[in-house]
Amino acid sequence: MIEFLLNNEPVSLEECDTGISVQQFLRQQKQLTGTKEGCAAGDCGACTIVLGELTADESGLQYRTVNSCITLLANLHGKQVITVEHLSDGKQLHPVQQALVDHHGSQCGFCTPGIIMSMFSLYHSDAEPTRETVNKSLSGNLCRCTGYRPIIDATTEVCERRQPDAFTQKQQQTLSQLKDIQAKHTEVFANGVHLPETREAMAGLLAAYPDARLVGGSTDLALESTQQLKSLPELISTQRMKDCKQTAVTDEQVSVGAALPLSDIDPVLVAHFPALHELIERFASLPIRNQATLGGNVANASPIGDMPPVLLALNATIEADDGHETRLLPASTFFTGYRQTQLRKGEWIKAIHFPRLQANTQLRAYKVSKRHEDDISAVCAVFAVTLENGMVAAINSGFGGVAATPVSCDALAKQLIGQPWQAEATRQLGKRILTSAFNPIDDVRASAAYRNQVLGNLWQRFWFETQSTLLVTTRVPHYA
């Protein structure tokens, strides 16, 4: 049985199809048709809803947007589901709805419910409504009619004058209901979807269902159902695995749990690796980052995943668990083939460990894609150079979109050691190595020739940005 709140209504489901999405449940079984289907891939935001969840210490609630089209129904266990139908009080519109009306922020109205829910999530956060935070909150929503200025203006204005609403007034009641649900069940099951809480339970399920698929945020797996119309097999979710949801920082390393959403690990990673800020913020959209897990992004072993190149450049290690013992796998050898890894049958990723940067190491991460926001990389490149007395002591790298797996460039690491970093010859040598290091494919995102040229250009960008004597602007810091 899975249990959750639909607004304030308790819902208990004995059975649900393995691959049924939250969007299908809302529209087909609850007739809540305000939640639209646009792309069924998490790209457009028309299906955006808000999930209320207990904070880590269970003292409060946090409201987050997700794409209901790629959220599995079983993942709602212990949460509150809020749709656009739940916001108004009778004929009295919620402040975010009224603000969009006042600013003429809707035309055809198809995308409007999703935009409203993104506004609502920001309204119930502690974030200051700056242009940056407003854009970030709306980043998962596309509007093809109105243009974004009235939507941004409405969001900014209403969040500047936040007032308690019905959700604020009922917060203690909602907290109590969600705590009761969490306390009822040790293990949760819903017709082919298992949600174990302990590593022993996880190991038992993997042994009992050897052909089951592991799932984290489902942002990739769900596409097999919505886009390829496949029936999903038995699933085992990491969502309730507390061992996989820890973060730890020591003098030597930063460790993040594999089952934590990107939104949760963003603050700790950026605090210790500031150069990752842009790459993480451009990882799909905010609703995707609220679901997608680092473990899932790594275990997928996609050659165009955004985070694997980071692991390679930072010499990260992947901690694998089988319920009896854990083992550490270097990122440098983890990816063995197209969507293949060193994980054994019955293992899952517990955590990823990143060594702390040395004072004399500089890190940069770059993503090139057709759209700046919410797009898959044509090329992703991450570089880390360690200098001693102006000479290259080490160069680590990670690349996506240029081979069948996420890869490093060994030639770069070998041939540049001992070279003076500020020398023009170092820039030229690095570019020459990278433009011929890989044999990428031609596809809809980019040609092989383009990818090779981009690699050389990104190397130059990295070199220019890390020169102490040069002041070269290589990034556009602001957008219209």
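**Helix packing and sheets in a predicted model**

Q: Which strands does α3 lie across, and at what angle to β3 does α3 run?
A: Helix α3 lies across β3, β4 and β5 (80–82), running at about 30° to β3. Lying across rests on contact, meaning heavy atoms within 4.5 Å. Axes are lines fitted to C-alpha atoms, for helices over the stretch in contact, and angles run from 0 to 180 degrees between N-to-C directions. Helices (H or I, at least four residues) and strands (E, at least two) are DSSP runs, numbered from the N terminus.

Q: What kind of model is this, and how are residues numbered?
A: This is a predicted model, in which local features need pLDDT of at least 70, side-chain atom pairs count only at pLDDT 80 or more, and totals for chains, interfaces and linings use all residues. Residues are numbered from 1 along each chain as its sequence is written, and side-chain values use heavy atoms, with hydrogens and water left out.

Q: What is the strand order in the sheet with β3 and β4?
A: The order is β2-β1-β5-β3-β4, an open sheet of five strands with mixed pairing. Two strands pair if DSSP finds at least two bridges between them. β2 (9–13) and β4 (61–67) are the edge strands with a single partner each, so one side of each has no neighbour in the sheet. From one strand to the next, the twist averages 30°.

Q: How many bridges join β3 to β4?
A: Strand β3 (residues 48–54) is joined to β4 by seven bridges, and the two run antiparallel. Opposite G52 stands Y63 in β4.

Q: Which helix lies across β1 and β2?
A: That is helix α7 (residues 171–184), which lies across β1 (2–6), β2, β3, β4 and β5 and runs at about 170° to β1.

Q: Back to α3: how do α2 and α3 pack?
A: Their axes are 9 Å apart, and α2 and helix α3 (residues 112–123) pack at an angle of about 125°. The two helices are therefore oblique to each other; angles under 35 degrees count as roughly parallel, over 145 as roughly antiparallel, 65 to 115 as roughly perpendicular and the rest as oblique.

Q: Which residues meet there?
A: P95, V96, Q97 and L100 in α2 meet T112, I116, M119, F120 and Y123 in α3. By class, this contact has seven nonpolar, two polar and no charged residues. Ala, Val, Leu, Ile, Met, Phe, Trp, Tyr, Cys and Pro count as nonpolar, Asp, Glu, Lys and Arg as charged, and the others, Gly among them, as polar.

Q: And what about α2 with α5?
A: The axes of helix α2 (residues 95–102) and helix α5 (residues 149–160) come within 9 Å and cross at roughly 140°. That makes α2 oblique to α5. The contact is made by P95, V96, A99 and L100 of α2 with I151, A154 and V158 of α5. These contact residues divide into seven nonpolar, no polar and no charged.

Q: New topic: is β16 enclosed or open, and why?
A: Strand β16 (residues 348–355) is largely enclosed by the rest of the structure, because six of its eight residues are buried. Buried means under 20% relative accessible area, exposed over 50%, partly exposed in between (1.4 Å probe, protein chains only).

Q: Which strands pair with β16?
A: Strand β11 (residues 253–257) runs antiparallel to β16 and is joined to it by five bridges. S255 stands opposite H353 in β16. Strand β12 (residues 317–321) also pairs with β16 in the antiparallel sense, over five bridges, and the bridge partner of E319 in β16 is A351.
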